[in-house]
Amino acid sequence: YTVVVNGNVDVTGGNFSTSRGSGGNATWVLNGDFSVSNATLQTSNTSSKFVFAPPNAHTVALSNVSWTSAINFDVDSAAMVRLDSSVIEGSGSFRVADEAVLQIGHSGGFDGNIACTGANGGGNYFSQFAEYVFNGTVPQASGSLMPDTLKTLRIMNAAGVSLTAGTMVTDTLFVSSGDLDLNGQTVVLDVSAFLQETTGNTVTG
């Protein structure tokens, strides 16, 4: 069954279940933000999932969350999700579709924000045709989960971003705020790709 939420999901305390008992596989289509604090996320069906729907921009805010089962998240094509410093945990999956935008805010980059195991829900997946934005407020590492090939990479962190592993950009590398430190790694710009830097921000290392 499908539940469409046109507002925000805001859970404070208690527990929130994507499905209960023999209720079956539930898909929660989110058109707003997703906020959980001091609460437990759980499900009785490990295929149930939250879907961040396009063309909306969504903010995820998680604080003191207990993950007792597989909670799955899909970022649909043309949707934008801002994670800030929130950490997705549990045994579910986090999946990013083509043409989606994922904003990474954790100091540990992908690995800091996405800590779920991917054991259920199809496995963690980050499309190489999506856009990935680093917009933290402290120095960030890109993390080992960042795809080795991606369409668009955008640096928007005045404190800077350091590469954990090499990658290829097939469309555009934007260095808009803060430097991108290669950290001894390599960024390859595909034959039709561009590097766009704003004044005072550059690629180093």
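Thr 43 lies in the loop that links strand S5 (34-42) to strand S6 (49-52). The model shown here is predicted.

**Around Thr 43**

Is Thr 43 buried or exposed? Its relative accessibility is 14%, so Thr 43 counts as buried, because the cut-off for buried is under 20%. Its side chain also has a polar partner. That partner is the side chain of Thr 18, at 2.7 Å in a polar contact. Leaving out residues up to four places away in sequence, Thr 43 touches Thr 18, Ser 19, Ser 48, Ser 69, Ala 70 and Ile 71.

**The nonpolar core**

In soluble globular proteins, nonpolar side chains tend to be buried together. Here, the largest nonpolar core holds 48 residues. Phe 34, Phe 73, Phe 94, Val 96 and Leu 102 have the most contacts inside that core. What does Phe 73 contact, apart from its neighbours within four places in sequence? The list is Phe 34, Phe 50, Phe 52, Trp 67, Ile 88, Ser 93, Phe 94 and Arg 95.

Strands of a sheet pair through backbone hydrogen bonds, either parallel or antiparallel. In this model, four strands make an open sheet, ordered S14-S16-S18-S21, with parallel pairing. Strands S14 and S21 are the edges, and each pairs on one side only.

| Strand | Residues |
|---|---|
| S14 | 140-141 |
| S16 | 161-162 |
| S21 | 203-204 |

S14 and S16 run parallel and are joined by two bridges. Which residue of S16 is the bridge partner of Gln 140? That partner is Val 161.

Conventions: Residues numbered from 1 in each chain as written. Predicted model: local features only at pLDDT ≥ 70, side-chain atom pairs only at ≥ 80, totals over all residues. Heavy atoms only, no water. Buried < 20%, exposed > 50% of the residue type's maximum accessible area, 1.4 Å probe, protein only. Polar contact = N/O pair within 3.5 Å; in protein donor to acceptor, adjacent residues only side chain to side chain. Contact = heavy atoms within 4.5 Å. Core = buried A, V, L, I, M, F, W, Y, C linked by side-chain atoms within 4.5 Å. Pairing = 2+ DSSP bridges.
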